[in-house]
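Hi,

Here is the structure I promised to pass on. Have a look at it first, and then read my notes below.

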Amino acid sequence: MTPKLYNTLTKTKEVFEPLDPKNVRMYVCGPTVYDFAHIGNARPAIVFDVLFRLLRHKYGVEHVTYARNITDVDDKINARAAAEGISIGELTERTNAQYQADVAALGCLPPTHQPRATENIPQMIAMIERLIAAGHAYPADGHVLYDVTSKSDYGKLARRSLDDMIAGARVDVAPYKKGPMDFVLWKPSDAATPGWDSPWGRGRPGWHIECSAMSEALLGETFDIHGGGIDLVFPHHENEIAQSEGAHDGHPFARIWMHNGFLQVEGQKMSKSLGNFVTIHQLLQREHPEVLRLQMLMTHYRQPIDWTESGRKQARSVLNHWYQFTAGFSALENLSPGFVAALSDDLNTPEAISHMTQSMDPMAICAAARFLGFLQHDLEAWRRWAPETVTINERAVEDLIKARNLARTEKMFSEADRIRAELDAMSVQLKDSKDPATGEIVTTWELKR
Ligand code: AMP
Ligand code: ZN
């Protein structure tokens, strides 16, 4: 089944034909590593992980290359490191490690490449030199700027004309700029700021050039898919196109541009001042990672998503059904055609999930769920998963259950009830059932939610 993907550039769903089916290439803008990633940042990680899985399924694991960068040079990083009194390297190492742990917990496969900006500075300098030589950029006052008037189709992704952009632009334009929309490729660094030697003096790259240089290094001039959040369309992705096409003699850059919609929390924009800013790290302490992943995928990636408590409960109950229904079954070797068709239709995960919940075949559900990164545990481990705030001593639980069963066989029912109440207070729910073979009462337990 050939996937169809919505292309922001053409505003249509297009049949996806890779440039080279033996080398399908995708680039996604990754995090700027200065703080814990929030749940909005998890959205592109999860969405493009599903696409990565689908492409690997269709073209073969070894034929898909997925690059997601790490922005480890940025003014927000400099400011945070100074505020904490630590080195930039220490801050970016720590934050990157947190990010990797968070997205791995959320079931995202590691991308093929995770290039770091600081390890690709020579490639950025080389690209800037080519842009200057091609008449697309000019050095000025220690900076290098991209001249947006040099590219007649500037604005084609965002569908904005230069005149409209200028009319809407803020007035204070830096004196070294020829035009108000010209953007920075390189800027000077003072002694206290990280910098690299360059033909324009010691300085550091602008954010946009990072992705152009790193995607070129890993995926070539023209590749298949470029992704990121919808907030990146302008200016980041528009500028990436201007840079890459400008440096490549006008050859096309990414063929399909995909953007995930924004995430808000309980109907409100997430912000530190509203107190509804949730990090992946915090959520992982309170809820099973597979629930968070499913909650994310229950909304189509292009729609805005409202991250709510009721969405969490819904995802938990769907996942609980899958765990129970598939317990003891192995996965079918092939994915069901309806499931693959839904995913192939512009990554329609809500449709794929409803296909699974309606299925009566546990082996088909198992295959689909595992494909999407779910059902990674057995039923017992799933049932006993507990938030970090609830620490449960399994030995103590088992001992209390034994004491209760003993009390019951000795007909000390009020003692048995007291023990049940004690377990109840520990959020432990008991289930008694009769072993059909021996007639003995067997007590199992799980944590209440
Ligand atoms: P940043 O570290 O802010 O550059 O963001 C990393 C990725 O997360 C980018 O692809 C952003 O578009 C995406 N992103 C940031 N905030 C949100 C949000 N609230 N909802 C969805 N995606 C987001
Ligand atoms: Zn980027």
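Before the notes, one term: a residue is called buried when its relative accessible area is under 20%. Also keep in mind that this is a predicted model.

With that cut-off, Phe 16 and Tyr 59 are both buried. They also face each other as an aromatic pair: the ring centres are 6.2 Å apart and the planes stand at 80°, so the pair counts as edge-to-face. Phe 16 sits in the loop between strand E2 (12–15) and strand E3 (24–28), while Tyr 59 belongs to helix H1, so this pair ties together parts that are 43 residues apart in sequence.

Phe 223 and Phe 253 make another edge-to-face pair, with 5.2 Å from centre to centre and 85° between the planes. Here the partners are Phe 223 in strand E9 (residues 223–229) and Phe 253 in the loop between helix H7 (233–247) and strand E10 (254–260), so parts 30 residues apart in sequence are tied together. Both Phe 223 and Phe 253 are buried. The count of aromatic pairs comes to 10, and there is one aromatic cluster made of Tyr 146, Tyr 154 and Phe 183.

Now for the cores. The largest nonpolar core has 68 residues, and those with the most contacts inside it are Ile 39, Leu 51, Ile 225, Trp 307, Trp 322, Phe 339 and Phe 374. Which helix gives this core its largest share? That is H1 (residues 39–59), with 12 residues.

Phe 374 is worth a click. If you leave out its neighbours within four places in sequence, Phe 374 is in contact with Glu 290, Arg 293, Leu 294, Leu 297, Leu 319, Trp 322 and Ala 369.

Last, a helix pair. Helix H2 (residues 75–84) packs against helix H3 (residues 88–105) at an angle of about 105°, and their axes are 9 Å apart. Angles of 65 to 115 degrees count as roughly perpendicular, and H2 and H3 are therefore roughly perpendicular to each other. On the H2 side the residues that meet H3 are Ile 77, Asn 78, Arg 80, Ala 81 and Glu 84; on the H3 side they are Ile 88, Leu 91, Thr 92 and Arg 94. Sorted by class, this contact has 4 nonpolar, 2 polar and 3 charged residues.

Cheers

How values were computed: Residues are numbered from 1 along each chain as its sequence is written. Chains are lettered from A and ligands numbered from 1 in the order in which they are written. This is a predicted model: local features need pLDDT of at least 70, side-chain atom pairs count only at pLDDT 80 or more; totals for chains, interfaces and linings use all residues. Side-chain values use heavy atoms; hydrogens and water are left out. A nonpolar core is a set of buried Ala, Val, Leu, Ile, Met, Phe, Trp, Tyr and Cys residues joined through side-chain atoms within 4.5 Å. Buried means under 20% relative accessible area, exposed over 50%, partly exposed in between (1.4 Å probe, protein chains only). Helices (H or I, at least four residues) and strands (E, at least two) are DSSP runs, numbered from the N terminus. Contact means heavy atoms within 4.5 Å. Axes are lines fitted to C-alpha atoms, for helices over the stretch in contact, and angles run from 0 to 180 degrees between N-to-C directions. Angles under 35 degrees count as roughly parallel, over 145 as roughly antiparallel, 65 to 115 as roughly perpendicular and the rest as oblique. Ala, Val, Leu, Ile, Met, Phe, Trp, Tyr, Cys and Pro count as nonpolar, Asp, Glu, Lys and Arg as charged, and the others, Gly among them, as polar. Rings of Phe, Tyr and Trp (its six-membered ring) pair if their centres lie within 6.5 Å; planes under 30 degrees apart count as stacked, over 60 as edge-to-face and the rest as tilted.
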